[in-house]
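Please read them alongside the sequence and the coordinates.

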Amino acid sequence: MGSMFRSEEVALVQLFLPTAAAYTCVSRLGELGLVEFRDLNASVSAFQRRFVVDVRRCEELEKTFTFLQEEVRRAGLVLPPPEGRLPAPPPRDLLRIQEETERLAQELRDVRGNQQALRAQLHQLQLHAAVLGQGHGPQLAAAHTDGTSERMPLLQAPGGPHQDLRVKASQPRG
């Protein structure tokens, strides 16, 4: 590797590859990490290029992987770094990988949505329990606000399951 002030020797080469072998050759060169590609078709718009569909697929995969990685991080987990260099997947496996990651990402979105809905329901139930607890005095209300509400049944009074529950109605002041 070259020093900070002096670069390594480089050579400009032009490769002509048959279409069938292009993916394999470019992926192997990319795995080496020693190649820089120049765009010889700069005048051609991005929509007119041959491999625009493949590039878009890779961009979508990158977004999905970023989402999954963020969700893993949010869950407090750490992904171990891959051992060595990862080879580029064969083109036939790329579609399977894309479908599987999109399925996992959708599943994770559904789980996150369900989790948020359950948290909202828990909050509502805690509010209802606090209102019901007001009818029994401060003991039941305090029990539901100290963090033990997830373990206690919401409508069971501290005296037992057969104790009568009453809600006090207050007279409106006028």
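**Notes on the predicted model**

1. Basis. This is a predicted model, in which local features need pLDDT of at least 70 and side-chain atom pairs count only at pLDDT 80 or more, while totals for chains, interfaces and linings use all residues. Residues are numbered from 1 along each chain as its sequence is written, and side-chain values use heavy atoms, with hydrogens and water left out.

2. Elements. The chain has four helices and zero strands, in the order α-α-α-α from the N terminus on. Helices (H or I, at least four residues) and strands (E, at least two) are DSSP runs, numbered from the N terminus.

3. Of the chain's 174 residues, 13% count as buried (under 20% relative accessible area, with exposed over 50% and partly exposed in between; 1.4 Å probe, protein chains only). Among contacts (heavy atoms within 4.5 Å) with a separation of 6 or more, 59% join residues 24 or more positions apart.

4. Helix pair. Helix α2 (residues 52-74) packs with helix α3 (residues 91-134) at an angle of about 40°, the axes lying 10 Å apart. That angle makes α2 oblique to α3 (angles under 35 degrees count as roughly parallel, over 145 as roughly antiparallel, 65 to 115 as roughly perpendicular and the rest as oblique). Axes are lines fitted to C-alpha atoms, for helices over the stretch in contact, and angles run from 0 to 180 degrees between N-to-C directions.

5. Residues between α2 and α3. The α2 side includes Leu 61, Phe 65 and Leu 68, and the α3 side includes Ile 97, Leu 104 and Leu 108. By class, this contact of α2 with α3 has nine nonpolar, three polar and six charged residues.

6. Thr 64. This residue is found in helix α2 and counts as buried, because its relative accessibility is 10%. Apart from neighbours within four places in sequence, Thr 64 is in contact with Thr 101, Glu 102 and Ala 105.

7. Leu 29. Helix α1 (residues 19-32) holds Leu 29, which counts as partly exposed because its relative accessibility is 23%. Setting aside neighbours within four places in sequence, Leu 29 is in contact with Leu 15, Leu 34, Val 35 and Phe 37.

Note on methods: Ala, Val, Leu, Ile, Met, Phe, Trp, Tyr, Cys and Pro count as nonpolar, Asp, Glu, Lys and Arg as charged, and the others, Gly among them, as polar.
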